Amino acid sequence: MKSTAPPTVPPPETPAHTRAARGSTALVLAGPLLAAIVVASVGLGARDISPLQIVHIVLDPWGSGYDHDVLWTERIPRTLLGLAVGAALGASGLVMQAVTLNPLADPGILGVEQGAAMAVVLGILYLDAQDAGTYFWLALAGAAVTAAVVHVIGTRTNSGSSTVGLVLAGVAVAAVLASVVTLLVVRDEAVYASLRFWSTGQLSGRSQVLDEIAPFAAVGLLLALPLGRTLNILALGDDTARGLGVRVERARLVSAAVAVLLCAAATAAVGPVVFVGLVAAHGARLLVGADHRWALPLSMAVGAGLLVGADTVGRLVLDHGEIQVSVMTAVVGVPFFVWLARRRDLVRM
C-alpha cells in the first residue's frame, strides 16, 4: 500500500500575531464608522444637508449658496475641532490610566481639565488673555500644576486603595476649582459674556480657534503614538521595567507630560469636557486588549467619534437650541464610570 504522509499542521498563531490582527481589524473597522459620524455631524442640525450635497459642496470649495456657507464656515471647522479635541482627550485618558495604573483615571475626573480652565479664566481676568494660543499656554500650566497637586494628595490619602485615593483627590480638587471658576466668571460681566459656554465645555461657536489649537493637538498626538511600547513595559511593574532597561521615573514623567499637553490643548479649545478619556480608553481596550501600541491609536479614534457623535446628538434632541457637548458626554460617561467603579477586578477596595 502506498503510505500517505500526515497532513501538515500549521503552527499555532502566536499571541503577538493575534494582537496585531485584532488591532489592525479594529482600526480598519473604526475608519468607516468614524467617517459616518463625521458625515452625520456635517449634515445634521437646524438645517439638514444630504450626503450627496455634502460631497458636491466639499468638492467645490469656491462655490456659493447658503448650504455652502453653513458647511465651510461652521460645520466643517466645528467637526474638525471636535475630532481633534476628542482624539486628544481619548489619548490623554489612556496615557493617564497607564501612568497612574488607575483604571478610573480621566483628565476630567482627576481635576486636570478644571485646573486648565482655572488658569485660563485667571489669565483672562488679570493678564488680558484673548486668543486661543495664549489660552493653551495658560491651560498647560494650570493642568500641570493640578496634576501634580492631585498626585501628591491622592498618594497620601488613607483610603485603603491608591486607585480610590487618586480619584477622591481628583474629584475634590475638580469640585473646588469648578466652584472658583464659576464665581470668577459670574462676578465679571465681560468674562461671563465670553466664557459662560466655554467654561462648561462646548463646541458651538468655537470653530474659529481650530487654526490656533490644531498644531498643539497634532504635536501631542504625534508624541503620544510612540509611547505604546513604553506603557506596555511600565504595566509590568517597576522592577521588571528597570530590568528591561527602562528609566521608570523618566518614562512616567514624559508620558504624564504628553497627557497634560493633550488635555491642555483640548481644554483651551472647548473648555472642560469630562468622561471622554475614560470611555475612549476602556472602549479601545475592550476592542484590542491591553496592548497600548494598538489601544493608543484606537482610543484616539473612539474619543474623536464619541465627542463628535455627542455633539451631533446634542444638536438634534431639542427642537430649538442645542445641548452642550459636555452634558451629552456626561450622559454616557456617568453610568460608565459607576459600572467601572463597581467592578472588583478593576478597582481593589
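**Entry: Phe275**

I started with Phe275, which counts as buried at 12% relative accessibility. My cut-offs for the relative accessible area are under 20% for buried, over 50% for exposed and partly exposed in between, with a 1.4 Å probe and protein chains only. I found Phe275 in the loop between helix 11 and helix 12 (276-288). I also noted its positive phi of about 80°, although Phe275 is not a glycine. Most residues other than glycine have a negative phi.

**Entry: ground rules**

I am working from a predicted model, where local features need pLDDT of at least 70 and side-chain atom pairs count only at pLDDT 80 or more, while totals for chains, interfaces and linings use all residues. Residues are numbered from 1 along each chain as its sequence is written, and side-chain values use heavy atoms, with hydrogens and water left out.

**Entry: another positive phi**

I looked up Asp128 next and read a positive phi of about 55°, although Asp128 is not a glycine. Asp128 sits in the loop between helix 4 (112-126) and helix 5. Is Asp128 buried or exposed? I have Asp128 down as exposed, with a relative accessible area of 54%.

**Entry: the whole protein**

I counted 14 helices and zero strands in the protein. Both are DSSP runs numbered from the N terminus: helices are H or I with at least four residues, strands are E with at least two. Of the 349 residues, 48% count as buried. I then turned to contacts, meaning heavy atoms within 4.5 Å. Among contacts between residues at least 6 apart in sequence, 76% join residues at least 24 apart.

**Entry: helix 8**

Which residues of helix 8 are buried? I listed Leu210, Ile213, Phe216, Ala217, Gly220, Leu221 and Ala224. Seen down the axis of helix 8, these buried residues fall within an arc of 140°, so they line one face of the helix. The arc is that of the directions from the helix axis to the C-beta atoms. On the other side of helix 8, I noted Asp211 and Leu222 as exposed. What covers the buried residues of helix 8 includes helix 3 (66-100), helix 5 (132-155), helix 9 (228-234), helix 11 (248-270) and helix 13 (292-316).

**Entry: aromatic pairs**

My rule takes rings of Phe, Tyr and Trp (its six-membered ring) as a pair if their centres lie within 6.5 Å; planes under 30 degrees apart count as stacked, over 60 as edge-to-face and the rest as tilted. By this rule I got five aromatic pairs. The ring centres of Trp137 and Phe216 are 5.6 Å apart and their planes stand at 80°, so I wrote this pair down as edge-to-face. It links distant parts of the chain, with Trp137 in helix 5 and Phe216 in helix 8, 79 residues apart. Trp137 is exposed, with a relative accessible area of 53%.

I also looked at Phe336 and Trp339, a tilted pair at 5.7 Å centre to centre and 45° between the planes. Both residues lie in helix 14 (residues 325-341), three residues apart, about one turn of the helix. Trp339 is partly exposed, with a relative accessible area of 46%. Phe136, Trp137 and Phe216 form one aromatic cluster.

**Entry: two long-range looks**

I found His282 in helix 12, buried with a relative accessible area of 12%. The C-alpha atoms of His282 and Gln97 are separated by 9.7 Å, although the two are 185 residues apart along the chain.

Val338 is in helix 14 and partly exposed, with a relative accessible area of 42%.
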